[in-house]
Each structure stands twice: as C-alpha cells, then as structure tokens.
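Me: Hi! Could you go through this structure with me?
Reply: Happy to, just ask away.

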Amino acid sequence: MGTFLGVLGALVVIALVFFFIANTVGVEEGEAGRNPRLDAKVKENIKPVGAVDVGEVAAASGAAPAAARSGEQVYSAVCMACHGTGAAGAPKVGDKAAWGPRKDKGIDTLLDHAIHGFNAMPPKGTCMDCSDDELKAAIEHMLGQTGL
Ligand code: HEC
C-alpha cells in the first residue's frame, strides 16, 4: 500500500510537470499566430500533402505516408525477410542463377506474380499497402543488387 501511494504521488508530480511544459509550449504557439512570417510557415508545414509540390518535399521530410517508397526501402522493410535469406525457397538477392531465368520472364510477369502471389511467394510479398509502382521498384532493386 505504501508503494502504491508512492507511485501515485510520483505520477501526480509527473503530470504536473507535463502540464507545466504544455503551458510553456502553448505560449510559443500563440506567438506564431501573431508573427505573420511564422504563421505562414506553420500553414505551409501543415498544408495537406496533395497541395504541396509532392515528390521533393515529401521525400525530403520523409514524413508523408502517401509518398512512394523507394525500391530499396520496400525491399529492406518487407522483401528482405525472404529474399535476403532465401527463406521459403525465395530467390536470394545476389543469386544470379536463381534470378536470371526469372528476369527472362519480363518485368511485367514478375510484377504480376509479385502483386498476386506465385507459389510460396505471398501476394504483394505481404506488403499490403504497397502500390504496384513500389513493388516494381522493389523488384528492380533486387535485380539491380543481383547484377542483372
Ligand atoms: C514470405 C516470404 C517472401 C516475402 C516476404 C517476399 N517474397 Fe517474393 N518470393 C518468395 C518465394 C518463396 C518466391 C519463389 C516462388 C517460386 O518461384 O515458386 C518468390 C518469388 C518472387 C519473385 C519471382 C516471381 C517469378 O515469377 O519468378 C518476385 C518478382 C518476388 N518474389 C518479389 C517480391 C517482392 C517485390 C517482395 C517484397 C515486396 C517479396 N517478393 C517478398 C517469398 C517471399
């Protein structure tokens, strides 16, 4: 019981500290409203992504979820689990013998198989929010890394 009250006391102190910090920050935000230059900058920053000149800005900030990921990013985040290790019999990046005949099928077929799945290759390689372009970029990245 003593411990419980101690923890409770500590939480109250932490809450007060946060309350204080929030107030301090709040004052600064208020100042932005009175400073037209800062105000414009804030508005620019919170503009919806679609309204901004997408590509560069989104890529630079790295914060916009709608921006297309590079083939390398998709590969590292998703495809590498299998294609970096050969798990489930996946053709490994760097294995020319495994990728050569696949490349010969043509990028359209490979993309189609990547989108819809192919034997043990799951649809979209399990990247359900990947666009077709992102999947294509990931395939091209794997082929490039393999030297094909
Ligand atoms: C769960 C493991 C796994 C993940 C994750 C995975 N793959 Fe695969 N992939 C496979 C396997 C296994 C094969 C071989 C299928 C076969 O040839 O029978 C394969 C084959 C492929 C092929 C060749 C298809 C063909 O026609 O020969 C492509 C292209 C491909 N994967 C792309 C991707 C991309 C792009 C990603 C990431 C977005 C990805 N894979 C993620 C397991 C995976």
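Me: Which residues make the nonpolar surface patch of about 1200 Å²?
Reply: Phe4, Leu5, Val7, Leu8, Leu11, Val13, Ile14, Val17, Phe18, Phe20, Ile21 and Val25 make that patch. Patches take residues with over 30% relative accessible area and no salt bridge, joining like charges within 9 Å and nonpolar side chains (Val, Leu, Ile, Met, Phe, Trp, Tyr) within 5 Å. A salt bridge is a side-chain nitrogen of Lys or Arg within 4 Å of a carboxyl oxygen of Asp or Glu. Areas come from the Shrake-Rupley method with a 1.4 Å probe, and for residues only the protein chains shown count as cover.

Me: Before I go on, what kind of model is this?
Reply: This is a predicted model, where local features need pLDDT of at least 70, side-chain atom pairs count only at pLDDT 80 or more, and totals for chains, interfaces and linings use all residues. Residues are numbered from 1 along each chain as its sequence is written, and side-chain values use heavy atoms, leaving out hydrogens and water.

Me: Thanks! Where does Val13 lie?
Reply: Val13 is in helix α1, residues 2–34. Helices (H or I, at least four residues) and strands (E, at least two) are DSSP runs numbered from the N terminus.

Me: Now the inside. Which residues touch the most other members of the largest nonpolar core?
Reply: Cys79 and Ile139 do, in a core of 16 residues. α4 (71–83), α6 and α7 (132–146) each supply at least two of its residues, and α7 gives the most, with five. Such a core is a set of buried Ala, Val, Leu, Ile, Met, Phe, Trp, Tyr and Cys residues joined through side-chain atoms within 4.5 Å.

Me: And what does Ile139 touch?
Reply: Not counting residues up to four places away in sequence, Ile139 touches Ile107, Leu110, Leu111 and Ala114. Contact means heavy atoms within 4.5 Å.

Me: What about His113, buried or exposed?
Reply: His113 counts as buried because its relative accessibility is 19%; the cut-offs are under 20% for buried, over 50% for exposed and partly exposed in between (1.4 Å probe, protein chains only). His113 sits in α6, residues 107–116, and the cover over the buried residues of α6 includes α5 and α7.

Me: Last topic: where is Ala88, and what is its phi?
Reply: Ala88 is in the loop between α4 and α5 (96–103), with a positive phi of about 65 degrees although it is not a glycine. Most residues other than glycine have a negative phi.
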